[in-house]
Structures are given as C-alpha cells and as structure tokens.
Amino acid sequence: VQNLYGVRFNVQYAINPDNLFLIELPFLNNDRTSKFGIGDMRVRYYNAIKRNITKSFIAIAPFANISLPTGSYKNGLGTSSWSLAGGVVFGFIVSKKLSLFPGINYVHITKPGTDLIPAASKFASNGLGFQFNASYVINKQTFLFVNPLPTFLNTNGNWKSFWAAEFNLNRIIKPNKFKMNLSWNPNFTTDVNTFRLGGTFFL
C-alpha cells in the first residue's frame, strides 16, 4: 500500500482554435519509499476537424494521448511503460446546460522497461478505451465534468476490464484569467483514488 502526494503542472497551448496541446508534468512524493521526484509525464493533442455539423452535433476531434515513463519505478513514482492512445471525440449539445463528449480510442501499453520485473513477467497490452464525458453548467461561474472511463485491455492473451471515472468541479474566479477546480479520479478496478485541488491561469 502506498500514497502519492505532490503537484502536477499542466500547460495548455492552442496553436489555433482547432489544434490544442496539453502537457502534464507531476512532481510526487511516495510515502512508502520516502522518495520525491518527477512522475510519468503526459502529452495530449486534439484536432477539431469538423465544427458545428448541426445545431446539436458540434464537433469531431481526433486526439492522441501519450504517457512517458519519466518517473522512477524503483522509487514508486512511475510505471516504466509507455502508454499510447489514439482516437476520436464527438461533441453534442443536449441543452443550454448539458453537453456530451463521447469518445473511443485504441490503447497500446509497452512492456515495462524496469529491470526490477523479471523478463518472463513483462507483457505489452492492447485494447480499447471509451469516454462518456458530460459537461453540466451549474451557473455562469460553475460547471461540472462527469466522465466514466471504461478500458478493455488484452495482456498476454487475457482480456481485463478497468472501470474508472473523472469528476471535475470548476469555478471561474475571474473570467478569462483564473479558475479553480476540485476533482476525484477513482479507478474502481485497481482501488486507486486520485484527489486534486488546482488552479488555472489563462495567459
């Protein structure tokens, strides 16, 4: 059993209204190993290839999601595997308050690179991931994201399902300048819970 505490720095950069890059770099402390350092880095890219198809069907956006094994597996700060995902998200407006962003992606996770795992126990995984993101506007300053995230992976010929979710509450403090968010990211299969309190500055 271990707990990780730390800070995650996120940078978002829009090349133009249709292309968005997101980079996340975590600095974490593992209470089991008493080690502090960089965790696994994450890079995401979205490209909105179609917008406003109909009044309710508002977007088609292919995306790539890459997790890099920059964290130390020995110190309990990383996985030692690359995670590569590519897919597409669709945007729908249900009402003035509710929007839906379902998506599907192909997932490939490489064999662990660490020498601490015997070679005979190292396997790559391949499968499909889904998202069912719902965005609900509570008022002009507050909105909520609820995103079930089932993933189905084949590892050495065996299929396994992973059930996770994201709950993200956002509060705009100063429009186009600063917002705060509180999130809970449970993985019900592995019994891992991630809690985050953060702030976003718009430059």
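Analyst: Accessible areas here come from the Shrake-Rupley method with a 1.4 Å probe, and for residues only the protein chains shown count as cover. By that method, the chain has an accessible surface of about 12900 Å². Carbon and sulfur atoms hold 63% of that surface.

User: What kind of model is this?

Analyst: The model is predicted: local features need pLDDT of at least 70, side-chain atom pairs count only at pLDDT 80 or more, and totals for chains, interfaces and linings use all residues. Residues are numbered from 1 along each chain as its sequence is written, and side-chain values use heavy atoms, with hydrogens and water left out.

User: How many helices and strands are there?

Analyst: The chain has zero helices and 13 strands. Both are DSSP runs numbered from the N terminus: helices are H or I with at least four residues, strands are E with at least two.

User: And what share is buried?

Analyst: Of the 203 residues, 28% count as buried. Buried means under 20% relative accessible area, exposed over 50%, and partly exposed in between (1.4 Å probe, protein chains only).

User: Let's look at Leu84. Where is it?

Analyst: Leu84 sits in strand β7, residues 83–93. Leu84 has a relative accessible area of 33%, so it is partly exposed.

User: What does Leu84 touch?

Analyst: Leaving out residues up to four places away in sequence, Leu84 touches Asn65, Ile66, Tyr106, Val107 and His108. A contact means heavy atoms within 4.5 Å. Ile66 is 18 residues from Leu84 along the chain, yet their C-alpha atoms are 4.7 Å apart.

User: New topic. How many aromatic pairs?

Analyst: The structure holds eleven. Rings of Phe, Tyr and Trp (its six-membered ring) pair if their centres lie within 6.5 Å; planes under 30 degrees apart count as stacked, over 60 as edge-to-face and the rest as tilted. One of the pairs is Phe143 with Phe145, which is edge-to-face at 5.6 Å centre to centre, with 85° between the planes.

User: Are those two buried or partly exposed?

Analyst: Phe143 is buried, at 18% relative accessibility. Phe145 is partly exposed, at 26%.

User: Why is the pair of Trp184 and Phe195 stacked?

Analyst: Their planes are at 10° and their ring centres 6.4 Å apart, so the pair is stacked. Trp184 lies in strand β12 (residues 178–187) and Phe195 in strand β13 (residues 192–201), eleven residues apart. Trp184 is partly exposed at 32%, whereas Phe195 is exposed at 63%.

User: Which residues form one aromatic cluster?

Analyst: Phe57, Phe90 and Phe92 do.
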